[in-house]
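Please keep the sequence and the structure in view while reading.

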Amino acid sequence: MATAFITGGTGFVGSHLIEVLLRAGHRVRALVRSPGKAESLGISGVEWVTGDLGSIEALRNGAQGADVVFHVAGLVAARSLEEFLAVNRDGTARVLDASPEHARFVLVSSLAAGGPSQPGRPLQGDEPPSPVSNYGRSKLAAEDVVRAGSLPWVIVRPPAVYGPRDTEMLRVFKAAGMGVAPVFGKGDQQLSMVYGPDLVEAIAAAGLSSATEGRILYPAHPEVITSADTVRIIGEACGKRVRIIPIPDPIGLAILQVTGTVARLAGRTTLLTADKGNEFFQKAWTCSPARLEQLTGWKAKHDFRSGTAETAAWYRKHGWL
């Protein structure tokens with residue numbers, strides 16, 4: 001069995017990854033900024049290391065003796081490219097520097113680093129990257145750091161993720177539960193999706209297989225759905241027929257400029273910025289899991305309909321809906 005070190009251990013993806021590795025019998029250490037939050041997860045058998053991506057001592061303590069390092073932590077919202085880079089690129093460099101010389105390094109990146117796809121042509125993993133947002137550029141910068149390092153590596157680029165414990169997609173569930181939901185553009189943007197518990201199985205498989213070394217892999221369900229269909233299906237899971245309100249691109253951009261400016265003036269971060277709009281208004285964000293499936297045998301178990309049904313049930317059980 002392997003010894004694994006995980007950053008972002010109390011996050012949505014990281015916490016599920018810990019559980020998968022523990023069930024498989026691996027020894028797990030995880031970086032945590034808040035011991036209280038770690039305790040609230042109720043996960044037994046994991047060794048928590050208090051610190052953050054700026055603490056090289058904590059990173060070295062966590063990574064000591066690790067056979068595989070899963071770097072999951074990162075920023076998804078920031079006020080500038082510099083803020084994104086300070087965490088997503090420079091934090092990755094510190095985790096890499098703290099890792100043992102023999103360790104395999106698994107970077108959980110994002111489809112945003114690869115950039116948008118063309119309708120009907122999902123990304124495979126060998127295309128020239130073309131990120132369109134500061135977030136995507138910062139994740140690509142993190143990938144460059146890993147590729148330039150001396151450790152054996154694998155890069156995993158998830159598309160949109162949803163599932164139990166996720167707070168981002170929860171907003172869409174709440175809107176759908178009210179019976180009305182806005183959608184940027186006409187609602188025909190093509191999307192790949194992945195259910196959180198399926199994603200962490202993919203991350204574990206990629207990190208523990210020698211066949212994946214030096215590869216960029218996309219963990220996703222092979223189905224492609226539109227942005228409007230995501231809202232309709234989430235509505236079904238919530239027992240609602242959702243009225244979709246299309247937001248034309250010019251109006252959507254104006255809204256994002258306002259929300260981004262208000263957040264910046266208030267000293268807060270938000271996903272709803274004009275820069276993020278460069279992602280919202282693309283025709284497609286799709287990727288193929290074929291290479292990952294071939295190398296590891298992993299396959300996503302949940303299409304979007306079954307995954308949202310389980311997610312909605314979890315939200316209701318825990319009082320989130």
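## The sheet

Two strands are said to pair if DSSP finds at least two bridges between them, and the strands themselves (E, at least two residues), like helices (H or I, at least four), are DSSP runs numbered from the N terminus. The model is a predicted one, in which local features need pLDDT of at least 70 and side-chain atom pairs count only at pLDDT 80 or more, while totals for chains, interfaces and linings use all residues. Residues are numbered from 1 along each chain as its sequence is written, and side-chain values use heavy atoms, with hydrogens and water left out.

Seven strands form an open sheet with parallel pairing, in the order β3-β2-β1-β4-β5-β6-β11. At its edges stand β3 (46-50) and β11 (216-217), each with a single partner strand, so one side of each has no neighbour in the sheet. Helix α3 (residues 56-63) packs on the sheet and touches β1, β2 (27-32) and β3, its direction making about 170 degrees with that of β2; contact here means heavy atoms within 4.5 Å, and angles run from 0 to 180 degrees between N-to-C directions, with axes fitted as lines to C-alpha atoms, for helices over the stretch in contact.

Strands β1 (residues 3-7) and β4 (residues 68-71) run parallel and are joined by four bridges. Phenylalanine 5 stands opposite valine 69 of β4.

## Two packed helices

Helix α4 (residues 81-88) packs with helix α5 (residues 90-98) at an angle of about 10 degrees, their axes lying 3 Å apart. The two helices α4 and α5 are therefore roughly parallel to each other, a description used for angles under 35 degrees. On the α4 side the contact is made by Leu85, Ala86, Val87 and Asn88, and on the α5 side by Asp90, Gly91, Thr92 and Arg94.

## The cavity

A cavity is a set of points on a 1 Å grid over the protein atoms alone where a 1.4 Å probe fits but cannot get out, and its lining residues have an atom within 4 Å of a point. The search of the whole structure finds one cavity of 30 Å³ or more, and the largest cavity holds about 30 Å³ of space, a volume being the space filled by probe spheres set on the points.

The lining of the largest cavity includes His71, Asn88, Thr92 and Lys139. Both β5 (104-108) and α7 (134-148) supply at least two residues each to this lining.

## A loop residue

Arginine 165 lies in the loop between β7 (160-162) and α8 (170-177). The phi of arginine 165 is near 80 degrees, a positive value in a residue other than glycine.

Terms used: Parallel < 35°, antiparallel > 145°, perpendicular 65-115°, else oblique. 1 Å grid on protein atoms, 1.4 Å probe; cavity = no way out; pocket = protein on both sides within 12 Å on 5 of 7 lines; lining within 4 Å.
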